[in-house]
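Me: Please take a close look at one part of this model. I would like the surface first, then whatever connects to it.

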Amino acid sequence: MREQQELSEADDIRSTFVFHPPVDDAGAWQMTVEGFVHALTAAFPEAFTKYRTSGLRGNSVVDFEVEVQPEM
């Protein structure tokens, strides 16, 4: 994991994705936030991750940033 403390502030091209299981079956994916971060950092060892509490629902969420191509 990168030692960076915040997401980059450069005017890079970004995409935002929201992942969540069905509202009526929160266990449908059989995945936790921690499990997702583990899989993400296994695939992208330099990934930046930051846990926080969602202001929308009060749930634990993770912000993450990965470089998919050098200089991108």
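Reply: Phe-19 is exposed, with a relative accessible area of 51%. The cut-off for exposed is over 50%, so Phe-19 qualifies at 51%. This is a predicted model, and the accessibility is computed from it. Phe-19 sits in the segment before helix H1, which covers 33–43.

Phe-19 also belongs to a nonpolar surface patch.

Strand E2 spans residues 60–65. Its partner is strand E1, residues 48–53. The two run antiparallel, and six bridges join them. One of the bridge pairs is Thr-53 with Ser-60 of E2. Six residues lie between the strands of this hairpin. Gly-58 takes a positive phi there, near 80°.

Arg-52 and Asp-63 meet through their side chains in a salt bridge, at 2.8 Å from N to O. Arg-52 lies in E1 and Asp-63 in E2, so the pair ties together parts that are 11 residues apart in sequence. The structure holds one salt bridge. Side chains of opposite charge can pair when their charged atoms come close.

How accessible are the two partners? Arg-52 is partly exposed, with a relative accessible area of 39%. Asp-63 is partly exposed too, at 22% relative accessibility. Buried would require under 20%, so Asp-63 at 22% does not count as buried.

Methods. Residues are numbered from 1 along each chain as its sequence is written. This is a predicted model: local features need pLDDT of at least 70, side-chain atom pairs count only at pLDDT 80 or more; totals for chains, interfaces and linings use all residues. Side-chain values use heavy atoms; hydrogens and water are left out. Two strands pair if DSSP finds at least two bridges between them. Helices (H or I, at least four residues) and strands (E, at least two) are DSSP runs, numbered from the N terminus. Patches are made of residues with over 30% relative accessible area and no salt bridge: like charges are joined within 9 Å, nonpolar side chains (Val, Leu, Ile, Met, Phe, Trp, Tyr) within 5 Å. Accessible areas come from the Shrake-Rupley method with a 1.4 Å probe; for residues, only the protein chains shown count as cover. A salt bridge is a side-chain nitrogen of Lys or Arg within 4 Å of a carboxyl oxygen of Asp or Glu. Buried means under 20% relative accessible area, exposed over 50%, partly exposed in between (1.4 Å probe, protein chains only).
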